[in-house]
Amino acid sequence: MKRVVAAFVVLGVVVLAVLVPALTWDLSSGAQAESEPTRITDYRARFAVSDEGTLEVIEEITVAFPTYPPRRGIFRYFDRADANAPQQRRDPRDIDVRMDGEPVGMALSEESNGRYEVVRIGSEDVVVAPGRHTYRIAYAIDDVLLRDEQGLARLRWNLVPGGWRQAIDRTRLEVSLPAAAVGTACDVGWGGTGGCTVRGDGGTTLVVTTGPLEPFTPVTIDTGVDMAIDQPPRDRWWSSRWDSVLGPSLPLLALVLLASMVAGWIGARAARSTLETPPGLPLQYAPPPGIGPAQGMQILRETVDRKAFIATLLEGAQLGAWRMESKPGSAWAVEDTGDDQSWGGLDPVTRQTGQVLGLRTNKVFHVGRKDVAAGELLKSAQSASSSAARAWALSQGHLVKSGLGLAAFLVVLSIVAALVLALVNPLDMSVLGLVPGAFGAFGLWLVLPGANTRRTPSGRDLWARLGGFERVLSTPSSQE
């Protein structure tokens, strides 16, 4: 049961890492950064909408640059998400930029896990001269017309996007439609409070004007278009919040999920191969002769834990090789009795534990609650006990290596790869992390103690007798 819980805990961590891009989507956006020291003195744009819904735009923006601080250009933020059409992506294409009528450098990037496409206009090594400069930004966006309940076209669009970092003195926005506008309205700001003037309702050309705008203030138009329209084809089956998680297409997502299930099945099958069928447990009223606590735990659990180590110390004291005494202040002393015959009667693992503690040379070992050096020595003795028990089981032929060491390495590597694919997200599809993550989670047993060893017939015989003794010790009467 613990192994199953551990597998699902690891898988849960991987799933949480896969969801990080969606959880942090738009958490912090460059489009909502500090305002720019530049100022847009005049914002003019022409929008031409075709009957197929393609929007072609030319923005002519006059920007006043200060003497200080020096600036190297401006940023144009395109919001790919549209709340009115969650399954559409407003990807600009055919972007062309000019400054004062001349071509100018341009670089594209993304922010907020792919929500914003950012156009940096200008060059890193060229400072824009102070004064006014006019930028011309041309681009096109497909399928901007929406379909209302009556099957007619509708345009809801931010003519001035909310990503401009500069204050704007005035705007003039001209919209050409493929059919007459019906019931046109415009708003300024995110709350829809008016503040703009629109002319041309009932015709095919609308003109929207505004006065001064604060940074990050959109101007939105909402108008019906007197023409029938088909529902535009969806770009994705999910909203843009999930783009960096689920990737670009439904078929690819289905393929990744199928690969994740196959990887999980392979991991579980490999892990299952490490499980051994428990033998019958006959009642045993004593441990097998010559088998100490650490040896017994190595055969039973294939690991030597803290309890088995303490039992090893008690075993040596019981057989007379050393004495254990409680001292004032929660301290203990383990002292060699000097009885060579008793030492000779110890099993090899218990004998090595006493030697690591220095009982044969220093004759006594003191340990207190705050004794760091003694605590470190106890840890070394426990580690040596575990290594000695494993070496004993292998040398006596009770255990053999199963050759799964490479598989354990692959499990660890797959979990690391899953977290890298999910958190770094180099392919902009964090769900890819589920493929190695599923293999690592369901193959987790391959890295647990005993996964790369298997009990031989003699080991299974000891397993049965030790398990029978453990069974007797666990009865109520033995507990009492």
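Q: What makes the link of Cys186 and Cys196 right-handed?
A: In this predicted model, the angle about the S-S bond is 130°, and that goes with a right-handed link of Cys186 and Cys196.

Q: Why is the pair Cys186 and Cys196 called a disulfide?
A: The cut-off for two cysteine sulfur atoms is within 2.5 Å. Here the sulfur atoms of Cys186 and Cys196 sit 2.0 Å apart, so the pair passes. By that rule, the count comes to 1 disulfide.

Q: What does the pair of Cys186 and Cys196 tie together?
A: Cys186 belongs to strand E13 (residues 181-188) and Cys196 to strand E14 (residues 196-199), so the link joins parts that are 10 residues apart in sequence.

Q: Are Cys186 and Cys196 buried or exposed?
A: Both Cys186 and Cys196 are buried, and that word calls for under 20% relative accessible area.

Q: How do you know that E17 and E18 pair?
A: Pairing takes at least two bridges. E17 and strand E18 (residues 331-336) have 6 bridges, in the antiparallel sense, so they count as paired. One of the contacts has Trp332 in E18 as the bridge partner of Ser326.

Q: What makes E17 and E19 the edges of their sheet?
A: The open sheet has 3 strands in the order E17-E18-E19. Strand E17 (322-327) and strand E19 (364-367) each have a single partner strand, so one side of each is left without a neighbour in the sheet.

Q: How do you know that E6 and E7 pair?
A: Strand E6 (residues 106-111) and strand E7 (residues 116-122) share 6 bridges in the antiparallel sense, and at least two are needed. Ser109 stands opposite Val118 in E7. The two strands, E6 and E7, form a hairpin with 4 residues between them.

Terms used:
Residues numbered from 1 in each chain as written. Predicted model: local features only at pLDDT ≥ 70, side-chain atom pairs only at ≥ 80, totals over all residues. Heavy atoms only, no water. Buried < 20%, exposed > 50% of the residue type's maximum accessible area, 1.4 Å probe, protein only.
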